[in-house]
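Please read the numbered points with the sequence and the model at hand.

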Amino acid sequence: MIRRLWSRLGLRARITGLYALGGLLLSLTIALSTLTLARQNLVEDREERAFSVAVRNAQRVENGLGAETEIEDVGVLLDNLTITEGSFPLLQVGDATRALDQAFDADAVPSSLRELVEAGNAGRMRVRVNGRPLIVTGIPIPDTAAAYYEAAATDDVEDVLNTLGIIVLGVGAAAILLSAALGSWASRRALTPLGEVRLAAESLAAGELDTRLDPPADADLASLTASFNGMARSLEDRIERDARFASEVSHELRSPLMTLNASVEVLNNNRDSMTERNQTALDLLTDDVTRFTALVEDLLEISRYDVGTASLRAEPIDLVEFVRQSVDHSPYDVVIDVGALQYLVVAGDKRRLAHVVANLVDNAAKYGAGETRVVVGREGDFAIIAVEDEGPGVPEAERGVIFDRFSRGSAGGRRGHGTGSGLGLALVAEHVGLHGGEIWVDERLDGREGARFTVRIPIGDIPDDEEWA
Amino acid sequence: MGTRILTVEDDERIRTSVRLALEDEGWTVEEAASGDDALNAFTREAADVVLIDIMLPGIDGFDVCRAIRRVSDVPIVMVTARADTHDVVAGLEAGADDYLTKPFAPKELSARIRALLRRARSADPGAPQMVFGDLEIIPEEGVVRLAGTDVHLTKTEFRLLVELATNPGRVLSREVLLERVWGYGYFGDGRLVDVHIRRLRTKIEPDPANPRYVVTIRGLGYKLQS
């Protein structure tokens, strides 16, 4: 259970915990030994002193005691003893006792000590009377059947020990905190390179293929950095090779396509002189050459994004006029909704935006059914171009992947194929991305059935004339 | 005499198929497989339109374009690999009048050629000449004079200037100029206009960096002022 909890903690938390535990053990050891030693030294020293004082006082008492001395007469004797602060003498003659202070009377003498003394032996014992710590020394005076007891309070020693205990506790706590902090710092320091590796890996995953780690100052980390950079390099090489390959293949396809297009056109110029069978064959050929050309053009266009040579050629475009013109050039019936907008000028790449609008309109007309509507609007620093249809819409599960290359929607039929190249919407998404914008598909805003493709691009800094030429 | 078109293209199959398609339009087509061939052919007999592929072995398309431009104002269409590179601007600056990207449909090429072959028109055929300060334009004769000296313009530059001159003081947008001079619609490439305006300015402006005749109206287009 604890082990599982422990393993669930992060490496940093665990290192910090281990350091704190080490600090705890260390300060505990030091505290215990300090306190034990101090106690031994202080208490034993005090006991020795109390004993010797008691022995001296017992000697005096013995000298002053006569065989007939009654208990009532010993007051003077006790008064004349050397009594230090916190010392309490008690004299026992026969069965009677006489104390000088109520803090220590006959009841306070522990019975085991009394027995020891009555047996004729001197002894000492630590007791606690009314919560006060005392060292009680008992010395027999056999000649007169008497016994001398002296109690010495040791609360000063206790105080010292208590203070010492508090200090040790404080220092120990500080030591634990310090080692936890040390552990935290050390682990952070040790894990910093890992953090850099993480950032670099994320950046690689985000498509920054030229991400590399700086060579570390620490030799221990050099091999990690070297192998990471090696991996990144081979990944970059590989992806670039693939992208270049696609680009070169489409490039190479353009020459034969050129010949095909021209030849098909020559054949079509003479279509009337052909037999019906030949005409059918020619129509098939013409359709597929057209589609093939569109596919290669889309491939070329999209491979520019993969190779990284796609660059935005921004010019000032009035989207209201732009959409009107796009719709005029479209073979479909399209409704335009620009609201109250007179004009909306953005910095855009005309050729690419034309592709975006044409593709979305084409898509809506082919797969959406019903009326196709193009909406132009403004949201703060962004321009919105939305294309709506009255079709069945795009199922939620497909909304994310519809912009993937060659994605095939199920419910949406062949929606997503754009002009039929299978790259249409993927390319549209790339064009929008190049403008720093976003594209998504959801339901129509007016609640009616149908899909709504929304393009949101920043209005951007409108370039000066001729700057973009 | 029919219209003669010189096509410069190193790929024989493309050359042949494009020739067949252009011949179907009723034009005479002469083929050249390299820059050298093209220059020899052009020197032998001038063409009415030249089609040049930029990617040529040996002398490249830009050089062929410049070489022809030195001796002729014939309309030149160049064929580039991509529309979004500097190739387009470089080709236009080398003297091309229009461009197409491969693979293009021959119908598109024919449309471009027809647009380039159109004669410069004057809004008012009765006005034999138009004068803007030191600038004198005689549309009927295809002549432009600056302070009495003939200025040599290409056909497209001339048509662009006449288009601006027939609307003196009025601002013409790129789209309008694209349509009237090149026969493009709204989605034509605005760089065609900008590069041609630049070329025109180097020929008729005393200080092309601070144009006096053909001025830019920011966000709107260009106009000719006297």
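1. Chain B. The secondary structure of chain B consists of eight helices and 11 strands; helices (H or I, at least four residues) and strands (E, at least two) are DSSP runs, numbered from the N terminus. Of the 226 residues in chain B, 43% are buried. Here a residue is buried if 20 or more other C-beta atoms lie within 10 Å of its own, exposed if 12 or fewer, and partly exposed in between, with C-beta atoms placed from the backbone. Of the contacts in chain B with a separation of 6 or more, 54% are between residues 24 or more positions apart; two residues are in contact if their C-beta atoms, placed from the backbone, lie within 7 Å.

2. Basis and confidence. This is a predicted model, in which local features need pLDDT of at least 70 and side-chain atom pairs count only at pLDDT 80 or more, while totals for chains, interfaces and linings use all residues. Residues are numbered from 1 along each chain as its sequence is written, and chains are lettered from A and ligands numbered from 1 in the order in which they are written. The average pLDDT of chain B is 87, and 95% of the residues score at least 70; pLDDT is the predictor's confidence in each residue, from 0 to 100. For the model, ipTM is 0.86 and pTM is 0.66. Where pLDDT is low, the predicted coordinates should not be read in detail.

3. Chain A. In chain A there are 11 helices and 12 strands. Buried residues account for 31% of its 469 residues. Among contacts in chain A between residues at least 6 apart in sequence, 61% join residues at least 24 apart.

4. The contact of the two chains. Chain B contributes 24 residues to the contact and chain A contributes 25 residues. On the side of chain B that touches chain A, α1 (12-23), α5 (106-117) and α8 (190-204) of chain B each supply at least two residues. The most comes from α1(B), with six residues. By class, this side of chain B has 11 nonpolar, four polar and nine charged residues, where Ala, Val, Leu, Ile, Met, Phe, Trp, Tyr, Cys and Pro count as nonpolar, Asp, Glu, Lys and Arg as charged, and the others, Gly among them, as polar.

5. A helix pair in chain A. Helix α9 (residues 350-367) of chain A and helix α11 (residues 424-434) of chain A have axes that come within 9 Å and cross at roughly 145 degrees. Axes are lines fitted to C-alpha atoms, for helices over the stretch in contact, and angles run from 0 to 180 degrees between N-to-C directions. The residues of this contact include Val356(A) and Leu360(A) of α9(A), and Leu425(A) and Val428(A) of α11(A). They divide into six nonpolar, five polar and one charged.

6. A sheet in chain B. Four strands of chain B form an open antiparallel sheet in the order β6-β7-β8-β9; two strands pair if DSSP finds at least two bridges between them. The edge strands, each pairing on one side only, are β6 (130-132) and β9 (149-151) of chain B. From one strand to the next, the twist averages 25 degrees. Three antiparallel bridges join β6(B) to strand β7 (residues 135-138) of chain B, and Val131(B) stands opposite Glu136(B) in β7(B). Helix α6 (residues 155-165) of chain B lies across β6, β7 and β8 (143-146) of chain B, at about 105 degrees to β7(B).

7. A covered strand in chain A. In strand β1 (residues 87-93) of chain A, seven of its seven residues are buried. Ser87(A), Pro89(A), Leu91(A) and Val93(A) point one way, while Phe88(A), Leu90(A) and Gln92(A) point the other way. β1(A) pairs in the antiparallel sense with strand β5 (residues 146-153) of chain A over seven bridges, and Leu91(A) stands opposite Tyr148(A) in β5(A). With strand β2 (residues 96-99) of chain A, β1(A) pairs in the antiparallel sense over four bridges; there the bridge partner of Leu90(A) is Ala99(A). The hairpin of β1(A) and β2(A) has two residues between the strands, and in it Gly94(A) takes a positive phi near 60 degrees.
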